[in-house]
Amino acid sequence: MIQTDNLITFAEKLKNSGVTLVAVSKTHPISKIKEIYDLGIRDFGENKAQELRDKQPELPADIRWHFIGHLQRNKVKYITPFVHLIHAVDSYKLLKEINKEAVKINRVIDCLLQVFIADEETKFGLSNDEVRELLQHPNLNELQNIRICGLMGMATNTEDQEKVRAEFRGLKQFFDELKSTFFNGQDHFKVLSMGMTSDYEIAIEEGSTMVRLGTLIFGERHYQ
Ligand SMILES: *Cc1c(COP(=O)(O)O)cnc(C)c1O
């Protein structure tokens, strides 16, 4: 876990290199989040819709809340009124539901598509072909209240750094491909969310623009 003084410098350094730090606050209490907020951090990430819905009103309104978990369609409405970025969209149906809720409150909601890059069965996400398919969905243009701003991916949980590096590199390549094909000239397609506590340094070297750090900022999580 990083020391308070160092966190400020660390956050500055990331910012200066064009990388957004999302402090992943899941399972941590309001008081702890407020401490990190008071150091100047404004981007926080949660992975449970109810937990986020309950925490948001208890904390300052200028926090940019990132939803980083698997989002169930029936829970989209809990977070649409305030969420800043939804990182893990993995189906057209989910995108459509987010759009529906966004229309109701007259917001445009920024989303990332989660791409499956790990060599594990437990992680969610789309294959590259499924992403291409989603982007060619005949009705995608009707979803005027969502904006696809980039990709998110999680590497395999392994000690093998070269494997992790190869996975991140592949995601960056795919991101560049999409940018020049489907999103040519669209400046909002610019977020590549990759890197957690164990692998964020490699992720940044491979082109990440957004790292999601929990343990490094808050220490170990204690699940109830
Ligand atoms: C919990 C979580 C993180 C943060 O993990 P740490 O290893 O604690 O940094 C990042 N991304 C996602 C999607 C998570 O669920």
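Predicted model: local features only at pLDDT ≥ 70, side-chain atom pairs only at ≥ 80, totals over all residues.
1. The shell around the ligand is formed by Val24, Lys26, Ile68, Met152, Met154, Met196, Thr197, Arg212, Leu213, Gly214, Thr215 and Arg221. By residue class, this shell divides into 6 nonpolar, 3 polar and 3 charged residues.

2. As to secondary structure, at least two residues of the shell around the ligand come from strand E6 (146–154), and at least two come from strand E8 (210–213).

3. An oxygen atom of the ligand lies 2.8 Å from a polar backbone atom of Gly214, while an oxygen atom of the ligand is 2.5 Å from an N or O atom in the side chain of Thr215. For Arg221, an N or O atom of the side chain is found 2.8 Å from an oxygen atom of the ligand. The ligand taken alone exposes 390 Å², and 90% of that is buried by the protein.

4. Turning to the helices, H6 (residues 128–135) packs with H7 (residues 161–181) at an angle of about 20 degrees, and their axes are 12 Å apart. Angles under 35 degrees count as roughly parallel, and H6 and H7 are therefore roughly parallel to each other. The crossing in which H6 passes H7 is right-handed.

Key
Residues numbered from 1 in each chain as written. Heavy atoms only, no water. Near = heavy atom within 4 Å. Polar contact = N/O pair within 3.5 Å; in protein donor to acceptor, adjacent residues only side chain to side chain. Areas by Shrake-Rupley, 256 points an atom, 1.4 Å probe, with all protein chains shown as cover. Helix = DSSP H or I, 4+ residues; strand = E, 2+ residues; numbered from the N terminus. Nonpolar A, V, L, I, M, F, W, Y, C, P; charged D, E, K, R; others polar. Axes fitted to C-alpha atoms, helices over the stretch in contact; angles between N-to-C directions. Parallel < 35°, antiparallel > 145°, perpendicular 65-115°, else oblique. Left-handed = near helix turned anticlockwise from the far one by under 90°.
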